[in-house]
Amino acid sequence: MTLPKPEDLIIHSLGECRFPSPLQLGAASGEYHGEFMSDAAKVRFHVELERLEGRPDDLFFERAGPRERLFFDPSKVKAAIVTCGGLCPGINNVIRSVFLSLKYNYGVPEVYGIRYGYRGLNPAYGDGFIRLTHEMVENIHLHGGTFLGSSRGPQPVEVMLDTLADRGIDMLFCVGGDGTQRGADALAQAARRRNLPLAVVGIPKTIDNDIPYVFRSFGYGTAVEKAREVIAGAHAEAKGAPNGIVIVKLMGRNAGFIAAGATTASQEVNFAFIPELPFDLDPPNGFLAHLETRVLQRGHAVIVVAEGAGQHLFGNLPVERDASGNIKHHDIGTYLRDRIIAYFRERRIEANVKYIDPSYLIRSVPANCDDAQLSDRFARYAVHAAMAGKTDLLIGYWHGLFVHVPMHLVTSQKKHLSPKSSLWLSVLAATGQPVLMVNEPVPETTAS
């Protein structure tokens, strides 16, 4: 990971904060039920006790939290929420908590939802605004998906900004992954060029847990929990047939956090493959030979593979992209299935191979208790930031604390699962699988 400079961590502000906060908090320890957060409150970038060569010790994130003075007069604010990209457990929790915090903590009179992502800000698709009410959002956290709908792909920045300006929107909360936050960054920069006092605040949404400076994004824990349930069924299937082999493909386009987390949670996986570590298939030292040994010795095997793993195995096949510009990966799950079937057939070894892809079921379920709490906190910290006139930032989660991360840092890189991390070492310990790398691993960004 390229280390930021101190100036890279500075948070943009819309101007002087002239209005007192309506929150019943104290300015000093012991007052009321909590305290306001000062802009002087910081969180260290590095927390290691040992000072490492070449690592500056003066890098700090601005700590998130409610400010005593606000840029906006809450009684005159119009706010909007947009959700973009793929589904993820907890989106509805975020929508609900943003609304509740704005409406009941700050007294904001008008909160709007934007339908179907950024296209809802483009009049070419019709009027994408709905005015939210308590009755609308009261129970949405009990359901998966997104109450507002979603879409992929960018829209013209100036068109979206015109729409927000015409509607008199003061703050926009952008719930999404790296593509969403690139759009949010572009909107914030365009607003600055026009001198529009628009606060743009990002809330990290990625089931893959691959947004940098966010130790854990909401939805990831639920995905791991549901994936473990699938793996339990896969294990039963594998043991229920002679030489049973079950492949489970999990989400993880560029990062293997779900596959690794589900593997360590399950403890019933024998091989796990992630995008960060290329692997070989062919004998004598490739995966297929190790799988054969496993099946002949134990009579069954469970394989977990992240969707972005093994793309090097497809050679020079054409590259396609989705509406957001993401590479559409070739289906490693069916590829492994077919190669395994052919390999065992060639050796005249009986094998009962099954393939499970639960991805779209896992991502659309309601948030579990852990993610529900995390979603709520991300949402409320985002509201505090916007009310204080902070903009072009994402709410990060760094060493157990919520921080303000400049948007350009978030959009400049992705977080990968480090092969040196305790999580991946736990995967190797739980599966007992050999090292099957054939190339250098994907370069690290944020180690986890």
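Guide: Let's start with a term: a residue is buried under 20% relative accessible area, exposed over 50%, and partly exposed in between (1.4 Å probe, protein chains only). You're looking at a predicted model, where local features need pLDDT of at least 70, side-chain atom pairs count only at pLDDT 80 or more, and totals for chains, interfaces and linings use all residues. Residues are numbered from 1 along each chain as its sequence is written, and side-chain values use heavy atoms, with hydrogens and water left out.

Visitor: Okay, what makes asparagine 195 count as exposed?

Guide: Its relative accessibility is 68%, and the cut-off is over 50%, so asparagine 195 is exposed. You'll find asparagine 195 in the loop between H4 and strand E10 (199–204). Its phi is positive, about 60°, although asparagine 195 is not a glycine. Those labels are DSSP runs numbered from the N terminus: helices (H or I, at least four residues) and strands (E, at least two).

Visitor: And why does tyrosine 116 count as partly exposed?

Guide: Tyrosine 116 has 41% relative accessibility, so it counts as partly exposed. Tyrosine 116 sits in the loop between strand E7 (110–114) and strand E8 (129–131). Its phi is positive too, near 55°.

Visitor: How do you know that helix H6 is largely enclosed by the rest of the structure?

Guide: Count its residues: eight of the 10 in H6 (residues 257–266) are buried, so the helix is largely enclosed. Among the buried ones are Phe257, Ile258 and Ser266. The cover over them includes helix H5 (220–239), E11, E12, E13 and helix H12 (422–431).

Visitor: Why are H6 and H12 called oblique to each other?

Guide: They pack at an angle of about 45°, with their axes 9 Å apart. Axes are lines fitted to C-alpha atoms, for helices over the stretch in contact, and angles run from 0 to 180 degrees between N-to-C directions. Under 35 degrees is roughly parallel, over 145 roughly antiparallel, 65 to 115 roughly perpendicular, and the rest oblique. H6 and H12 are therefore oblique.

Visitor: What makes H3 roughly perpendicular to H4, then?

Guide: Helix H3 (residues 157–167) and helix H4 (residues 178–194) pack at about 70°, their axes 10 Å apart. That angle makes H3 roughly perpendicular to H4. Contact, meaning heavy atoms within 4.5 Å, involves residues including Val157 and Leu161 of H3 and Ala186 and Arg194 of H4.

Visitor: How do the residues of the contact of H3 with H4 divide?

Guide: Into eight nonpolar, no polar and four charged. Here Ala, Val, Leu, Ile, Met, Phe, Trp, Tyr, Cys and Pro are nonpolar, Asp, Glu, Lys and Arg are charged, and the others, Gly among them, are polar.

Visitor: How do you know which strands run side by side in the sheet of four strands?

Guide: Two strands pair if DSSP finds at least two bridges between them. Three bridges join E12 to strand E13 (residues 300–306), and the two run parallel. In one of them, alanine 272 has valine 304 of E13 as its bridge partner. The open sheet has the order E12-E13-E11-E16.

Visitor: Why is one side of E12 and E16 left without a neighbour in the sheet?

Guide: Strand E12 (271–273) and strand E16 (352–356) stand at the edges with a single partner strand each, so one side of each has no neighbour there.
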